[in-house]
Amino acid sequence: MKILLSFCLSLLLTTELLSQVAIIQDKDGYTNVRKGADVKSEIIYKLVDNEVFFYYEESFDSNVDNANWVYVMIPRNKFSTVTDSENPYYYGYIHRSRLRPLIQLEQVSQSNNHLIFQISKVDTLQKQVDSLIDGFIPYGLEVYLHQSWEVTSLDLSCDSRIFPQPAILTKDLYNVTFNEGEYRSSLHRFKTYKKAGVTFIQQECGDGAGYYQIVWVVQNQRIKQRLVGWIY
């Protein structure tokens, strides 16, 4: 079973594989997302400070058409969960001057914020694959469910204090790693960025066709957003 960025939705799949992650840079604290690459085009969404989203690298290149506008993809809910076959994203344009790629933020090797996952082999007696697992379309199932690994719990460690996280943040995540036990965000498949009291933890998961990435946005000792998908 192959789960890609759009959860087996073929719409815009090829383009989505080239996407990157960004936040906005706007003195007003928000940026309008427009239906077309034009200031007069309909506003379909408002991005706010520290909200992560996907953008398309080709449209950020000043040598391409509409170079002043960047094509973006924004999840319809802050945790990137999908419960049916509807398209889970908003698609539109923002002005390129308002976009700040995540990789341009300060990257830190040591952080006071860590994620601690508990990983176990999937209990197939409790789970069955149809189009949904536990009510959600899953990420990372390239192999059969009985060969996969699930997240049984997630804790956020802030300044050495432990904050257990709700199950909705992990119940659709599979094969984030292929080893049982504790899995921490200080390992090599994570990158951590900081900006004015906000921590962005970028995580690589799975492998092969089941590969995906997550960006966790942490502020004031809680996870404010979870962006899930492919990041190239």
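I looked up Glu 57 and found a relative accessible area of 45%, so I logged Glu 57 as partly exposed. The model is predicted. I then placed Glu 57 in the loop between β4 (53–56) and β5 (69–75). I also checked Glu 57 against Tyr 71. They are 14 residues apart in sequence, and their C-alpha atoms are 8.6 Å apart in space.

Next, strand β9. Which strands does β9 pair with? I found β10 (residues 149–158) paired with β9 (residues 113–121) in the antiparallel sense, over nine bridges. For Ile 119, I recorded Gly 181 in β12 as the bridge partner.

Then I turned to the largest nonpolar core. It has 41 residues. Which of them touch the most other members? I listed Val 52, Phe 117, Leu 173, Phe 200 and Trp 216. Strand β15 (residues 212–219) gives the largest share of this core, six residues.

I followed up on Phe 117. Leaving out residues up to four places away in sequence, I found that Phe 117 touches Val 151, Ser 153, Leu 154, Gly 181, Glu 182, Tyr 183, Phe 190, Gln 203 and Trp 216. I also noted a second, separate core of eleven residues. Ile 24, Val 33, Phe 53 and Tyr 55 are among them.

Technical notes. Residues numbered from 1 in each chain as written. Predicted model: local features only at pLDDT ≥ 70, side-chain atom pairs only at ≥ 80, totals over all residues. Heavy atoms only, no water. Pairing = 2+ DSSP bridges. Helix = DSSP H or I, 4+ residues; strand = E, 2+ residues; numbered from the N terminus. Buried < 20%, exposed > 50% of the residue type's maximum accessible area, 1.4 Å probe, protein only. Core = buried A, V, L, I, M, F, W, Y, C linked by side-chain atoms within 4.5 Å. Contact = heavy atoms within 4.5 Å.
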